[in-house]
Amino acid sequence: MVMSAEGLRTRCAREMSQSPRGFAGCSWLRQAFLDVPREAFVPDRVWWPARTGDGRYPLIDRSVKPRAWLKAVYQPGAALITQIDDGAVLPTGPADGVFTSSISSPGVVIELLRHLAPEPGERILEIGTGTGYTTALLSHRAGDAGVVTVEIDSRLAARAEDRLRAAGVNPRVIMGDGEEGHAGGGPYDRIVSTASVRRIPRAWLRQLKPGGVLVTPLDSPFGYDLLVRLIGDGHGAAAGAAVAQVEFMRVRGQRPRRPYADLGWPSGLEATQWRDLQVAAGQEDQRIAAVADGASPRRGWAGELVGW
Ligand SMILES: C[S@@+](CC[C@H](N)C(=O)[O-])C[C@H]1O[C@@H](n2cnc3c(N)ncnc32)[C@H](O)[C@@H]1O
């Protein structure tokens, strides 16, 4: 039987309802996922993020294999790659290179938004618009008026804005460096980044309301990113904890490696300690520390999830 987009979306939602890292009983999020047509945000040609025998990432072309394309759109754990090498590689066939934009997997988008926990009417800043899909879910929950999304790549920003408008969603789409945030729309109740950082940008901390929530992937010495959830103090600082293991593309300005000691990481951490990590970030520095087992105020979900 050939399943419609709606049928595949419902099946994907069902699978994510059964996973501890899925909706976890969050009904507004499940409804937003069911209401927003993910396929409307996916380009017709995307790369599948696993190499085939020739060592390259295969292209899925909607016009050639519409069923395979649609099934890929609704794989809970699959991000689809929409840009390689900052757009230097055209989507004309299998390719190799560095992933620089994607539509994040349904599972990781849900996890990000569950930890963000936006409320209707809030001011929300998203960094890394990508296709605009996460932006559409945010707008569905909070309403267009308070949502600002920033994308550094002008072509991606323009396409995302077109898709959002076509879907009847009207958040502010800003082309710019998201590490600067967007002071004009703040201060924000929530800030979420869909690109990872090594150092939490100072502008985000300044633009967060007192008690505001910041959710971002943070590079770790463990070989993957940690999703961190921090609460702002309204004076340019925020503190919180690691809540999940994820994997994201880096914000453009933070691609070069830096010594972890310079980024506030203590030495000698074991990878198994990630659930006990607390993070404090301010205008001067950021600090990561492991609290004694069992003393962590917020524990994450077990298991790694690839996000991009
Ligand atoms: C994983 S993708 C975003 C996926 C998006 N949430 C979606 O589902 O379509 C990360 C995006 O962050 C963007 N990006 C990287 N550095 C940035 C920066 N400094 N400011 C704004 N966007 C940035 C990339 O161009 C890319 O589109």
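Residues are numbered from 1 along each chain as its sequence is written, and side-chain values use heavy atoms, leaving out hydrogens and water. Because the model is predicted, local features need pLDDT of at least 70 and side-chain atom pairs count only at pLDDT 80 or more, while totals for chains, interfaces and linings use all residues. Helices (H or I, at least four residues) and strands (E, at least two) are DSSP runs, numbered from the N terminus.

**The ligand and its surroundings**

- The ligand sits in the largest cavity. A cavity is a set of points, on a 1 Å grid over the protein atoms alone, where a 1.4 Å probe fits but cannot get out. To sit in one, a molecule must have more than half of its atoms within 2 Å of the grid points.
- Strand 4 (99-103) and strand 6 (147-151) are the elements that give two or more residues to the shell around the ligand.
- Strand 4 supplies the largest share of that shell, four residues.
- In total, 24 residues surround the ligand, each with a heavy atom within 4 Å of it. The closest are Ser 101, Thr 131, Glu 151, Asp 177 and Gly 178.
- By type, the shell has eight nonpolar, 13 polar and three charged residues. Here Ala, Val, Leu, Ile, Met, Phe, Trp, Tyr, Cys and Pro count as nonpolar, Asp, Glu, Lys and Arg as charged, and the others, Gly among them, as polar.

- A polar contact is a pair of N or O atoms within 3.5 Å.
- Thr 131 has a polar side-chain atom 2.6 Å from an oxygen atom of the ligand.
- Ser 104 places a backbone N or O atom 3.2 Å from an oxygen atom of the ligand.
- In the side chain of Glu 151, an N or O atom is 2.6 Å from an oxygen atom of the ligand.
- Taken alone, the ligand exposes 600 Å², and the protein buries 99% of that. These areas come from the Shrake-Rupley method with a 1.4 Å probe.

**Helix 4**

- All eleven of the eleven residues of helix 4 (residues 106-116) are buried, so the helix is largely enclosed by the rest of the structure. Buried means under 20% relative accessible area, exposed over 50%, and partly exposed in between (1.4 Å probe, protein chains only).
- Val 108 belongs to helix 4 and counts as buried at 1% relative accessibility.
- Val 108 is 107 residues from Met 1 in sequence and 28 Å from it in space, C-alpha to C-alpha.
- After helix 4 comes Ala 117, with a positive phi near 50°.

**Backbone details in loops**

- Ala 24 is not a glycine, yet its phi is positive, about 50°. This residue is in the loop between helix 1 (5-18) and helix 2 (27-35), and it is partly exposed at 43% relative accessibility.
- Asp 85, also other than glycine, has a positive phi near 55°. Asp 85 is in the loop between strand 3 (80-84) and strand 4 and is partly exposed, with a relative accessible area of 31%.
- Gly 186 and Pro 187 are joined by a cis peptide bond, with omega about -5°. Pro 187 is in the loop between strand 7 (172-175) and strand 8 (188-193).

**Gln 286**

- Gln 286 is in strand 13 (residues 286-290) and is buried, with a relative accessible area of 4%.
- A polar atom of the Gln 286 side chain lies 2.8 Å from the backbone oxygen of Arg 198.
- A polar atom of the Gln 286 side chain also lies 3.0 Å from the backbone oxygen of Leu 263.

How values were computed. Polar contact = N/O pair within 3.5 Å; in protein donor to acceptor, adjacent residues only side chain to side chain. 1 Å grid on protein atoms, 1.4 Å probe; cavity = no way out; pocket = protein on both sides within 12 Å on 5 of 7 lines; lining within 4 Å.
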